[in-house]
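Work through the exercises below with the model open beside you. Try each task before reading its solution.

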Amino acid sequence: MSQKERTLRILVAKPGLDGHDRGAKIIARALRDGGFEVIYTGLHQTPEMIVAAALQEDVDAVGLSIMSGAHMTLFPAVIDLLKAKGATDVTVFGGGIIPQDDVPRLKELGTAEVFLPGSTTQAIIDWIRGHVHPRQAA
Amino acid sequence: MAPHDGTTAGRVAAGDLRAAARLMRDLDDQAPSARETLRALFPRTGRAYVIGLTGAPGAGKSSLTDRLIAGYRRQGKTVGVVAVDPTSPFSGGAILGDRIRMQDHALDEGVFIRSMATRGNLGGLSRATADVVTVMDAMGKDVILVETVGVGQDEIEVASLAHTVVVVSVPGLGDDVQAIKAGVLEIADVFAVNKADREGADRTVRDLAMMLELRRSTATRPPADHDELHRFQAGEPWSPEDARFWEPPIVKTVATRDEGVADLAGAVEAHRAHLETTGMRAEREAGRARAAFVSLLRDRLLAGALARLAGEQGNLDEIAARIAARQADPYALAEELAARLRG
C-alpha cells in the first residue's frame with residue numbers, strides 16, 4: 001500500500017469528569033464518514049488511559065473533546081505523557097467549549113489545532129487530511 | 001523491557017509495546033517489511049490459547065470479553081484482545097468502539113487490546129486479524145480473545161482461527177427455527193446466552209438444546225476438513241460414543257452483572273482440556289496452519305498473475321471492461337495465463 005493510501009487511525013476521547021458525549025459521538029461519526037478509522041474510547045478517560053490506548057492502537061492522532069473547562073490541564077497532560085512514552089509523532093487536536101483566547105497557549109503547549117464551537121465537521125475532516133500523516137511503514 | 005537484537009522482531013519478542021503496535025499496523029496495511037518480521041517471529045509462536053467470540057450485533061460480546069479478561073488476569077494470565085468492527089462500505093472509515101466496554105483493563109500492562117476494522121473482508125474478521133493474533137502470541141500472551149464483528153449466520157472465519165469458539169446469543173432474537181439454521185450456530189464449541197435476565201432466556205436455552213439434540217444423530221466432525229483446493233468439505237459422521245465427540249455446553253450469563261462468567265470460563269476450559277486429551281488441538285492447529293498457508297499462497301500467486309497480466313494485456317479495469325462487453329473471454333484468459341505461469 002502506498003503512503004498516501006494508508007488509512008488514518010484517530011483516537012477520539014473525552015478526558016476528565018465531563019459527562020456530555022454527544023459532541024464526541026458526532027465527531028466520531030463524521031470522521032468515519034471522512035474515511036478514517038476512529039477508536040472511540042468514550043467518557044471519563046484519564047490522560048494515562050488515553051495514552052495507553054493511543055499506543056496500543058498505533059494511532060496517527062488523538063482528538064480530545066472537552067466541555068468542562070479543564071482544557072488547560074488536560075491537553076498538556078496528554079501531550080506530555082505521549083512525549084514521555086516516545087510518541088512524539090502522534091498529533092493532538094481537539095475541540096469543545098474552549099475560549100478563543102486560550103487557543104494560542106494551547107498551541108504553544110503542543111496542540112496542533114483547536115476547533116471552537118461552530119466548527120463544521122467538514123472543516124475538521126479537511127484539516128486532518130491536510131495535517132495528519134500516517135507514519136512510514138517500519 | 002528484556003534485551004533484544006534491535007530488529008523489530010527482537011523488540012516485539014522482548015516486550016516492546018510500541019514496536020508490536022506498529023507491526024500490527026504495518027500488517028493491517030500490508031507493508032512488505034511486516035511480512036519479513038512475521039517470518040522472524042514465527043518460531044516463537046504457537047503457545048497462546050485463542051478464544052473466538054462471535055454472535056449477533058448487540059449480543060454482549062464485548063461485555064463478556066471484558067469479564068473474561070478479568071477472570072484470566074485473576075489467574076495470573078496475560079491477555080491479548082483483538083476486537084473487530086465493520087468498515088463502512090461507503091466511506092472506507094469505521095468506528096471501533098469495543099474498547100469502551102473494557103475500560104477496567106485500560107491501564108493493566110498484562111492486557112493488550114487492539115481494535116481492527118474489517119476493511120471489506122466479509123467473514124467476520126479482517127484479513128490481518130490472524131497475523132495480529134500471531135504478534136500477540138509472539139509477545140507472550142497466554143490467552144488471546146478475538147471478538148468478531150457482529151455476525152448473522154454465515155460469517156464463520158473465526159472457526160479457522162480459534163481453538164474454542166464461543167457463540168453468544170441473546171433472548172428474543174428468533175424462534176426455534178432460527179436455532180437450527182446453519183452457519184454460525186454450527187461452529188460453536190460453547191454457547192453463551194447473554195442478557196439471561198431478560199424474558200425468553202430459558203426458551204432460547206431450550207431452542208439451542210433442541211438444535212443440539214436434533215444434530216446428534218446427523219452430526220459430523222467440526223468444519224476443519226478441506227479438499228485439495230481448500231474448500232470446506234463435510235466431515236465424517238461421529239456419534240456421542242466417539243471419544244472425540246464434544247457437545248457444546250449452553251451457559252447463561254449476564255455480563256454486565258458478572259453473572260455466569262465463571263461458568264463460561266469453565267466451559268471454555270473444559271473444551272480446551274477435551275482438545276488436549278483427544279489430540280484434536282494439534283489437528284485444529286494444523287487446520288489453522290493450512291488455512292493461513294493457502295491464503296498466503298493465494299495472495300502471492302494472484303499478485304504475480306495480475307502483475308503479469310498487466311504487463312501483457314493492459315490493466316485489470318480495461319480487461320474487465322472488455323470482458324463485460326463480451327470482447328474478451330474470461331475463461332480462456334484465465335486458463336491461458338495460469339498455464340503460462342505453471343511454466
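Helices and strands here are DSSP runs, a helix having at least four residues and a strand at least two, and they are numbered from the N terminus. The model is predicted.

**Exercise 1. Describe the fold and size of chain A.**

Step 1. Start with the elements: chain A contains five helices and five strands. Along the sequence they follow the pattern β-α-β-α-β-α-β-α-β-α.

Step 2. Turn to the size. The C-alpha atoms of chain A fill a box of roughly 40 × 30 × 25 Å along the principal axes. For 138 residues, a compact globule would have a radius of gyration near 14 Å; chain A has 14 Å, so the value agrees with that rule.

Step 3. Look at the interior and the surface. In chain A, 54% of the 138 residues are buried.

**Exercise 2. Which residues of α2(A) are buried, and what covers them?**

Step 1. Apply the cut-off: a residue is buried when its relative accessible area is under 20%. Helix α2 of chain A spans residues 47-56, and nine of its 10 residues are buried.

Step 2. Name them: Pro47(A), Met49(A), Ile50(A), Val51(A), Ala52(A), Ala53(A), Ala54(A), Leu55(A) and Gln56(A).

Step 3. Identify the cover. It includes β1, β2, β3 and α3 of chain A, together with α2 and β4 of chain B.

Step 4. Go past the helix: α2(A) is followed by Asp58(A), whose phi is positive, near 45°.

**Exercise 3. Trace the seven-stranded sheet of chain B and find a helix that packs on it.**

Step 1. The order in this open sheet is β4-β2-β5-β1-β6-β7-β8, and the pairing is parallel. Its edge strands are β4 (111-117) and β8 (250-252). The twist averages 20° from one strand to the next.

Step 2. Helix α4 of chain B, residues 61-74, packs on the sheet and touches β1, β2, β4, β5, β6 and β7 of chain B. The direction of α4 makes about 175° with that of β5(B).

Step 3. Take one pair in detail. Strands β2 and β4 of chain B are parallel over seven bridges, and Val84(B) has Met116(B) as its bridge partner in β4(B).

**Exercise 4. Is Asp131(B) buried or exposed?**

Step 1. Locate the residue: Asp131(B) lies in helix α5 of chain B, residues 129-139.

Step 2. Compare with the cut-off. Asp131(B) counts as buried because its relative accessibility is 16%, and buried means under 20%.

Step 3. List its contacts. Beyond residues up to four places away in sequence, Asp131(B) touches Leu27(B), Arg35(B) and Leu38(B).

Methods: Residues are numbered from 1 along each chain as its sequence is written. Chains are lettered from A and ligands numbered from 1 in the order in which they are written. This is a predicted model: local features need pLDDT of at least 70, side-chain atom pairs count only at pLDDT 80 or more; totals for chains, interfaces and linings use all residues. Side-chain values use heavy atoms; hydrogens and water are left out. Buried means under 20% relative accessible area, exposed over 50%, partly exposed in between (1.4 Å probe, protein chains only). Contact means heavy atoms within 4.5 Å. The radius of gyration is taken over C-alpha atoms; the globule rule is 2.2 Å times the number of residues to the power 0.38. Two strands pair if DSSP finds at least two bridges between them. Axes are lines fitted to C-alpha atoms, for helices over the stretch in contact, and angles run from 0 to 180 degrees between N-to-C directions.
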